[in-house]
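Thanks for sending this one over. Here are my notes, point by point, for you to read beside the model.

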Amino acid sequence: MSISSLRRSARATVSGLPPGFWWLWLSTLVNRTGAFVLTFLSLYLTLELGHSAWFAGLVVALHGLGGVAGSPLGGTLTDRWGRRPTMITTHLAGAACAAALAVVTSPWAIATAVLLMGAAMQAVRPSINATIADMVPAHDVRRAYALNYWALNLGFAIASIGGGAAAFLGYRTLFVVDAVATVLCAVIVFLRLPETRPERRPRTVDEPVAEEKAGMLTVLRDAPFRTLVLLNLLVCLVFTAPWIGLPLTMAAQGLSPSSYGVVIAVNGIVIVGFQLLVNKLTDKRSPVLLLALSALLFGLGTGATALAGSSVAFAATVVVWTVGEMIHVPTNAAATALLAPEHARGRYQGVMGMSWAVAGFVAPILAGAIVDGPGPGVLWAATAAIGAVAAVGYPTLLRKALAEGSDTAFASDHESGSGHESDPGLDTGAGLGTGVERDAGAGPVPVPVAVPLGKGEDAGRTPDDV
């Protein structure tokens, strides 16, 4: 492939999106570039404050527990209060928690700050994902999620390198920088990002009142979406397992912590280097096919870890499940937006984010227990089996729902006059309906939270992060 063709491909990947999306993209990049707390928290707790590794692991798990509560809360606020105020408030709350960690030293205060930070970091994700669904035409939503996820990983890579180089300034300095970057992110949203929450459509006198107050129970009664969430939970468990199981497996084979650092760095390098290419290759493909493929790659990559015996072999397994990650995160976020009614996008994204948070809390505990008990081989066999189950589940359970939703959204997009180029009115906050208008109870269906030396889902990193 020539340089000119690569340039044309890159231009096509980033073209046609509204200006508001790029301000949101920039805020994601700034936020993740300063995200030092979770990356260095375990080292700070053990090396500087002298706490045990057990306490450090507990504190990181509390971050995930906070996310379990924060994600649905953020989804509710996103729909009731608005995307923009939710983003600004939760960013400022996260910044306050990061600043608090630079000051407090007692175990209870640290645990509380991390718990609240987990809630704040997960609470902002539904508003980000809902904003993207509001402002981006339906046929470009998955591409927009992929670009935002790329920004997240680029920022994470910069933070990891910059934080490691700047650690000599002290961990508390890094936490202050994290707080400042998060405040700057809130400022960008306040100054440049419009509110995109769709306005309620006025009804006629004879028209029945539409049910627009979709509570969490109503969302969970949506059978297609509930199935999507449960399958995503399985994938998240597989995705989160390596962040605990991989360093322990490598250590059991006599490899040094520095070897693990090099191996896991492959994840970020591959995403930063190839996310746009993967998005180009998978563009316009069936979401069910992509989700099944990503689950299969997660299962194959993690399962093959049991067969690896060198740093190169371990790195090869990371490449396999990283490709699955690059496919899964934007596709799953787009599928969530596809199934969500306009007025409940925040809640739908919040429930989906909760699946990432639950996995971020449960998977590290289970992975550690399995490695200490039956052994690493059992862990990797289990992840391979779970990935295979999810890969079969997507086409078996969701083929019809996602295919119908995709057709409806694409048709609505074109009926509204949206082409492949962005609509100039999009940046004013006019919401485009990418969700399927249906009764939430009708029909059958990035940085996972960070762990020591890992990065999480925005995932998030959740993706979701996404």
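1. F175 has 0% relative accessibility in this predicted model, so it counts as buried, the cut-off being under 20%. Y44 likewise counts as buried, at 0% relative accessibility. The ring centres of Y44 and F175 are 5.1 Å apart and the planes stand at 90°, so this is an edge-to-face pair. Y44 belongs to helix α3 (residues 37-48) and F175 to helix α8, so the pair links parts of the chain 131 residues apart.

2. Your structure holds eleven aromatic pairs. Another one to look at is F239 with F298: with centres 5.7 Å apart and planes at 70°, the pair is edge-to-face. Since F239 lies in helix α10 and F298 in helix α13, the two tie together parts that are 59 residues apart in sequence. Both F239 and F298 are buried. They also take part in one aromatic cluster, formed by F239, W243, F298, W321 and W356.

3. Which residues does Y394 touch, leaving aside its neighbours within four places in sequence? Y394 is in contact with L228, L231, N232, V235, V288, L291, A292, A295, H328 and R399.

4. Beyond its neighbours within four places in sequence, N332 is in contact with L228, N232, L291, M352 and W356. L228, N232 and L291 are also among the contacts of Y394.

5. Now the charged pairs: the count comes to six salt bridges. In one of them, D79 meets R347, with the closest N and O atoms 3.2 Å apart.

6. The side chains of R345 and D134 form a salt bridge at 2.4 Å, N to O, and both residues are buried. Salt bridges with shared partners join D79, R83, D134, R345 and R347 into one network.

7. One further salt bridge brings together the side chains of R143 and D140, at 3.1 Å from N to O. R143 is buried, with a relative accessible area of 4%, and D140 is buried too, at 1%.

8. Last, the surface. Which residues make the nonpolar surface patch of about 530 Å²? The patch is made by L92, V183, L184, V187, F190 and L191. Helix α8 (residues 171-192) supplies the largest share, five residues, and F190 is found in that helix. As background, nonpolar side chains tend to be buried together in soluble globular proteins.

Note on methods. Residues are numbered from 1 along each chain as its sequence is written. This is a predicted model: local features need pLDDT of at least 70, side-chain atom pairs count only at pLDDT 80 or more; totals for chains, interfaces and linings use all residues. Side-chain values use heavy atoms; hydrogens and water are left out. Contact means heavy atoms within 4.5 Å. Patches are made of residues with over 30% relative accessible area and no salt bridge: like charges are joined within 9 Å, nonpolar side chains (Val, Leu, Ile, Met, Phe, Trp, Tyr) within 5 Å. Accessible areas come from the Shrake-Rupley method with a 1.4 Å probe; for residues, only the protein chains shown count as cover. A salt bridge is a side-chain nitrogen of Lys or Arg within 4 Å of a carboxyl oxygen of Asp or Glu. Helices (H or I, at least four residues) and strands (E, at least two) are DSSP runs, numbered from the N terminus. Buried means under 20% relative accessible area, exposed over 50%, partly exposed in between (1.4 Å probe, protein chains only). Rings of Phe, Tyr and Trp (its six-membered ring) pair if their centres lie within 6.5 Å; planes under 30 degrees apart count as stacked, over 60 as edge-to-face and the rest as tilted.
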